[in-house]
Amino acid sequence: MQEAEECVDVLVVGAGPAGLITAYQLSKFGAVSSVRIIEKSVRTIQDAYGRAITLFPRTSEMLDQLGLADELLQDCFACRETVTYDAHGEEVHGRGWSFMSEMKDTAFDFALVLRQKFQEDIFRNAMKKYNVQVEVPAEFIAATIDHDVSVADYRVTAVLSNGHERKVRRVKCKYLIGCDGAHSSVRRIFSIPFEESSTNEEKWVRVDGLIKTDLPKPRTYCSIESPTHGNVLWVALDRGATRIGFTVPHSYECSKDAIVKQAIAAVKPFHIEFERVDWWTLYTVRQRMAKTFFVDDCVFLAGDACHTHSSGAAQGMNTGIHDAVNLAWKLNLVLRRLARPNLLETYEAERLPNVKRLIQYDKDISRLMANRLPENWQGDPDADVNVVLGQIMSEVGPFSSGLGISYEIQAANPLNVEGSFRSLQQSIRPGARGPDVTLLRPGTFEPTRLIRELPNMARFGLLTFATERTPALPNAVYEGVDSSTLLQALIAKVESIYGIRLIEMADCVKFITILPTRAPSPYEVLQHEPLGCSYFDNDEKAAYRRYGIDPAEGAVVVLRPDGWIGTMIALESEAVSELEGYLKGIFINV
């Protein structure tokens, strides 16, 4: 049976974290007429409980910008302590997950541990507030693209089946996003190669449950260096539960009882007793990456649909959410016809190199966790695999935490542009994360965080760091902003009378003025109305120092909607002209 065609702006296939966060953002940002998200089948209890568990700091920051972190924090286990035990049960330092102690420069200086089921529940409930719900069961079974239809119009026709009654329906969409996992139907139907770089010789086991143990520090992120089961993972979970992970020979087939027996052996010399098993899995690790994440100017892949790897570094869900956050605001601006469609090409240009880097180091980590040295190892053939693992985990720690993930400056990418200002901090540059500094509200001097004042609403943040001089901001900056047709159009919000829209919404940029010294009011410092909302730095001028800005000179820092630095501009008479030049590379028709 076939039904009439429907039309939606965006069809998201797959309702895991990447799909849910993508659909949530598109619905939250607004000005997109319709978003639909489908899932092939209802998960069983066994499927629902396990899977990913850990959000690292940068992922938590991004979810905080989206208004999701508070509820996650209510339910999670905030893990700040790590420990490693050798084969004799002795605590050793500088190995395993010890890099987590270096996750600083963020309010989220811990691993946010919450089983995927509970995270997805939060994401789904948040999405419902914008009248978007997961359609399940709904299977994506075919699709075609009409190349005669212009980009950003209804080019894609997707064929969906509801599974139960075998009803088939067609949905036309402007953009299709495949977030449907390692066995992605979207990837298969559009013949996107899924290139495999390696397959491990072992199988990996994960088991969650309520456990009694004599392990000295059980409520930690822990590794046990087992000579028989590899570098054993032990993680304190939400609701008092624990996850144990280890390797077994590739030929191993098992049941729940066999898994429990192997878990008991894996954690020796410590003892455990399972009071309850919530979930377990046995799987083979494969490092794979799609050849492209974006085809035909209208089809995207995100999450496991375009990259798979081991869970050894706990990066799977984090990487998928990074994909979703990188893509959604760009797609929103294009759908609103405020940005050029080629802005969407920056999704692959930015995400693919980072995924490639992850897969390269994941190969080494997954082998080391199975007590084998990396392929093409050039060091001592008798090196201790646990020592080598600790060294590699430490080296890639900034990347694993997400705080060190950056996007390259490329001629074809208008988002990351070298500007006229150079930070005194080497790590602060276009394409790098913008630090989430503490600011003080006027009047009360109550502390707030930059992320809280710049939520991700597909809006660029224009941070104006004022100077200690008089005037604190050059008059040319005020005059330039007031006379800039582009900036005024991008700042404009909806105004209406009796429900009649008078101004079409842009609301694509938000000015924030940061002042180096406390005062009774921002006006006392500026002798002028501030650009946007204003905040004071603390007495140590920590925000200026963190961004590498001399308070005597000031600067303008452009933060992209996702929190990465777009460009940095010297606070001089030509600052507004340079800012306009940057924004003109992104925006149109405003």
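Buried means under 20% relative accessible area, exposed over 50%, and partly exposed in between, with a 1.4 Å probe and protein chains only. The model described here is predicted, so local features need pLDDT of at least 70 and side-chain atom pairs count only at pLDDT 80 or more, while totals for chains, interfaces and linings use all residues. Residues are numbered from 1 along each chain as its sequence is written, and side-chain values use heavy atoms, with hydrogens and water left out.

Ile 211 counts as buried because its relative accessibility is 14%. The residue lies in strand 12 (residues 194-213); helices (H or I, at least four residues) and strands (E, at least two) are DSSP runs, numbered from the N terminus. A contact means heavy atoms within 4.5 Å. Leaving aside neighbours within four places in sequence, Ile 211 is in contact with Trp 234, Thr 242, Ile 244, Ile 272, Glu 273 and Phe 274. By comparison, Asn 162 is 49 residues from Ile 211 along the chain, and the C-alpha atoms of the two are separated by 40 Å.

**Overall form**

The secondary structure of the chain comes to 17 helices and 28 strands. The radius of gyration of the chain is 25 Å, close to the 25 Å that the globule rule gives for 590 residues, so the chain is as compact as a globular protein of that length. This radius is taken over C-alpha atoms, and the globule rule is 2.2 Å times the number of residues to the power 0.38. Along the principal axes, the C-alpha atoms fill a box of roughly 75 × 65 × 45 Å. Of the 590 residues, 58% count as buried. Among contacts between residues at least 6 apart in sequence, 73% join residues at least 24 apart.

**Nonpolar cores**

A nonpolar core is a set of buried Ala, Val, Leu, Ile, Met, Phe, Trp, Tyr and Cys residues joined through side-chain atoms within 4.5 Å. The largest such core has 174 residues, and those with the most contacts inside it are Trp 97, Phe 140, Tyr 175, Leu 176, Tyr 221, Phe 460 and Tyr 547. Helix 8 (residues 316-335) gives the most to this core, with eleven residues. Apart from this core lies another, of 22 residues, among them Tyr 85, Val 205, Ile 259 and Phe 270. Not counting residues up to four places away in sequence, Leu 176 touches several residues, including Leu 11, Phe 140, Phe 190 and Phe 300.

Six of the six residues of strand 13 (residues 221-226) are buried, so the strand is largely enclosed by the rest of the structure. Tyr 221, Ser 223 and Glu 225 point one way from strand 13, and Cys 222, Ile 224 and Ser 226 the other way. Two strands pair if DSSP finds at least two bridges between them. Strand 5 (residues 82-85) pairs with strand 13 in the parallel sense over four bridges, and Tyr 85 stands opposite Ile 224. Strand 13 and strand 14 run antiparallel and are joined by six bridges, with Ser 223 opposite Leu 233. These two strands form a hairpin with three residues between them.

Elsewhere, three strands form an open antiparallel sheet in the order 3-7-4. Its edge strands, strand 3 (54-55) and strand 4 (77-79), each pair on one side only. Three bridges join strand 4 to strand 7 (residues 111-113), and Ala 78 stands opposite Leu 112.

**Salt bridges**

The structure holds 38 salt bridges, each being a side-chain nitrogen of Lys or Arg within 4 Å of a carboxyl oxygen of Asp or Glu. Examples follow.

| Pair | Closest N to O |
|---|---|
| Arg 452 and Asp 70 | 2.8 Å |
| Asp 208 and Arg 243 | 2.6 Å |

Asp 208 lies in strand 12 and Arg 243 in strand 15, so this pair ties together parts that are 35 residues apart in sequence. Both Asp 208 and Arg 243 are buried. Salt bridges that share partners join Asp 75, Arg 115, Asp 238, Arg 239, Arg 276 and Asp 278 into one network. Asp 238 and Arg 115 are both buried. In contrast, Arg 452 counts as partly exposed at 39% relative accessibility, as does Asp 70 at 43%.
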